[in-house]
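This report looks at one chain of a complex and at its contact with a partner chain. The sequence and structure come next.

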Amino acid sequence: MLQPQHYMTRLVLPIVFWFGITLASRSILAENWPGWRGPQRCGVSTAKNIPTQWSATEGIAWKKELPGSGIASPIIWDDKVLVTAADGQKNDELHLICLDRKDGKELWHLRLWGTSPTRYHSTKGSMASPTPVTDGDRVYAFFSTGDVFAVDLDGHLCWHRSLATEYGSFENRFSATSSPLLYRDLVVIQCDHFGDSYVVAVDKTTGVDRWRVERPETWVSWSSPQLARVNDSGAYELVLCSSEKIDGLDPETGRQLWTLRGMQRECIPTPVLGHQLILAVSGPRGTTFAFRPGGRGDITESHVVWQTNRGAPYVPSGILVGDYYYLTTDQGIANCFAAQTGKRVWQKRLPGSYTASPIAADGKIFFTNDQGETVVVQADVPKYQELAHNPLNEPVVASSAIGSGHIYMRTLRHLLAIDGSAK
Amino acid sequence: MFHQSKIIILLGGFSWLASSSAVGQPVDELFKTLAQTGPQASGSADAQQASDTLMTHGVEILPELLAAMDTTNIVAANWYRTVYQIIVRRELSKQKPQFPVTELRACARDAQHQGRVRRLALALLDEIDPAFRNELLRHMLDDAEFRHDAVKLVLDTGNQAQMANQSELAREKYHQALRHARKSEQVTRAVDLLRSMGEEVRIIDQMGFVTRWYLLGPFDAPNTSGFDTVFPPENETNVDATYDGQNGQTLHWTLTETPDRMGQLNLIQLIAATKEAVGYAYAELDSPTEQTVQIRCGADDNLSVWVNGEKVFARQQWLNGTRLDRFTATANLKKGRNQVLVKICQGPQHVNPSVPNNWSMQLRFCDETGRGIRLTNLLPSLTKSD
């Protein structure tokens, strides 16, 4: 079993080389979870003392009822937890809520109208599907109604873009879920839908387009953009998983850099980074690719290091911890692969079905199923080792967040702060 | 260094002036500033200052804010709303809040206002004048925004009457709900409640579903090619003709009536359990007059609709469920016989093998409010009672 200091070497260093610097330096704190899948958008936190065990009645620091629906993850910045929700008869009532991280008390609650609600999955979709992102000054919230809001952390609106008004309503059967990404002074939003797809980078201060790339060949998908750093040059690449391909763009300009062909027609998981690789899932019966960034043109034949057709999920994103890459199918079949070779190390049937993506910290991986049970597994070891099995008695489809020794878990109706302490 | 200090002071001064330029401006000028927000976040910087100043005002500007929110510019509407929220929250925190109740009620009642603005006013009235809601809804059964809430109130009143053993009142309320309901769950609820009282009502007639069709298929349409491929029935519809179908089978038109209470046709059962295919549904309907109607329809995966040879609807989407009133189109009906042809595409199996590969459609004729229009189906009947 690896000692704690090994995690720092084996876990932190690869991530330091490989995450995209999307935030100001002061934001790169182990305790913050500033956007979709955490600081590096890979589901991994360097936080310590994260709880291993809890239940519906034990180990819950606080529990807050949320309005309406939402599958967006909560985000954490210092002493604030921010979460979005949506309701209303026409699903056009949008909520951005700020809670005190210590006790769940509502600090402010902004209610806004959405432009153009779409169809959505009755339990796994909502107009509040994309996870917001913050740089510590403002929170940038994208809703499936086609609206982007910039709000300061005291709850004051700074700007609003109605992308649906400007570029056409989204046409989506499961609601748009792509979570915005921060790159330097840009907010990047991937808009893949049945209509005219595009990706847009908006100036985070003014809300104005800095660049926008139309993607008419792109079908609907629900993946979120990722940012990869090319180790040799230090440049960054914007990685977009979508219909039948993965694109790499220059995040400064939107210029196309490379394409990797072979994804499924519809893509949901967000790629993760590690060992100088990008690992991208394209769905059941599709190929999972581990490939190197930094190419140009069609890199399908030149940059793929390994690939597999085993164990790919439809919805949950994968997670890479240390030397291992983990995938969980929607039906609960978990596979662990050696991250650098793709060799399967173990496979295990976990209980229940899965929509939420796993998260990891403190040597542990947390797999939470649709029934609200969390299986806690030892991370970065070559065999399956279950540490805990925590029931919650409430459905969970949103991915959780980690911060300040807590796990923040969103059920269909509540936000919970889990600290694992006995009452 | 002294010059640098002077520059810093001057810059600071200019900054202070800029940030406070909205202070002292007349309210209508501040409203105009918010109204000028729009695409590309234009006007946002000025709007921040203007809204900060407007937030210092009291409830006296709430009616004006509600009127201003009544705009198609949703960006401006949200700016107004942020000001409204702050003023309302501040007033609610007082021991004796004083709101312009008369104006709020007038806003909620006025169907000329946008629905979201009326709901906002009603949400505040729910907190300060809770008896108003039911008083309003009693008059909203034909209101585009509050119809659903009003029908719910009627259903609840009927249920209360039932519990008080007032059967005739309950029956009257359920019929009232049925006349005014436009959402399937309320229609079915009213029908089920009447059935529980021994009275049968056909949802199909209430909603205007077309349930009797000639069906044809499956034509072979690999992958998602079916939407754009023109098969013979689109050129000429002849219910006596035969065609070459998928897997070499010979296709015939088959007369069918769906038993589904919501008029949905399960084509997996009625045509074939197949994928990557195209099917057709054909009906002839008699209209008592020449009229413009709405067609509300849905399909899994997608459908195209022709009325009297004119394509009135087509939307290429895949892996959608058939949902009530998913799409709306307008069609012109002749007095007398009208021909309706529907093409329904069935796509490939979903990548997630647990997702069923459904193939279905649903179509109804209604007026612009969603009330079903009764059209006589001219196809041969399948039951003795017809």
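What is the mean pLDDT of chain B, and how many of its residues reach 70 or more? The model is predicted. The mean pLDDT of chain B is 91, and 92% of its residues reach 70 or more. Residues 1-19 of chain B have a pLDDT below 50. Beyond near neighbours in sequence, this stretch has one contact in the model. Where pLDDT is low, predicted coordinates should not be read in detail. For the complex, the predictor gives an ipTM of 0.91 and a pTM of 0.86.

Next comes the overall build. Chain B contains 13 helices and 13 strands. Its C-alpha trace spans about 95 × 65 × 45 Å along the principal axes. The radius of gyration of chain B is 29 Å, whereas a compact globule of 386 residues would have one near 21 Å. Of the 386 residues in chain B, 37% are buried. Among contacts in chain B with a separation of 6 or more, 68% join residues 24 or more positions apart.

Then the interface. Chain B brings 22 residues to the contact, and chain A brings 30 residues. On the side of chain B that touches chain A, the elements giving two or more residues are α3 (44-54) and α5 (74-92) of chain B. The most comes from α5(B), with eight residues. That side of chain B divides by residue class as follows.

| Class, side of chain B that touches chain A | Residues |
|---|---|
| Nonpolar | nine residues |
| Polar | eleven residues |
| Charged | two residues |

Methods
Residues are numbered from 1 along each chain as its sequence is written. Chains are lettered from A and ligands numbered from 1 in the order in which they are written. This is a predicted model: local features need pLDDT of at least 70, side-chain atom pairs count only at pLDDT 80 or more; totals for chains, interfaces and linings use all residues. Helices (H or I, at least four residues) and strands (E, at least two) are DSSP runs, numbered from the N terminus. The radius of gyration is taken over C-alpha atoms; the globule rule is 2.2 Å times the number of residues to the power 0.38. A residue is buried if 20 or more other C-beta atoms lie within 10 Å of its own, exposed if 12 or fewer, and partly exposed in between; C-beta atoms are placed from the backbone. Two residues are in contact if their C-beta atoms, placed from the backbone, lie within 7 Å. Ala, Val, Leu, Ile, Met, Phe, Trp, Tyr, Cys and Pro count as nonpolar, Asp, Glu, Lys and Arg as charged, and the others, Gly among them, as polar. pLDDT is the predictor's confidence in each residue, from 0 to 100.
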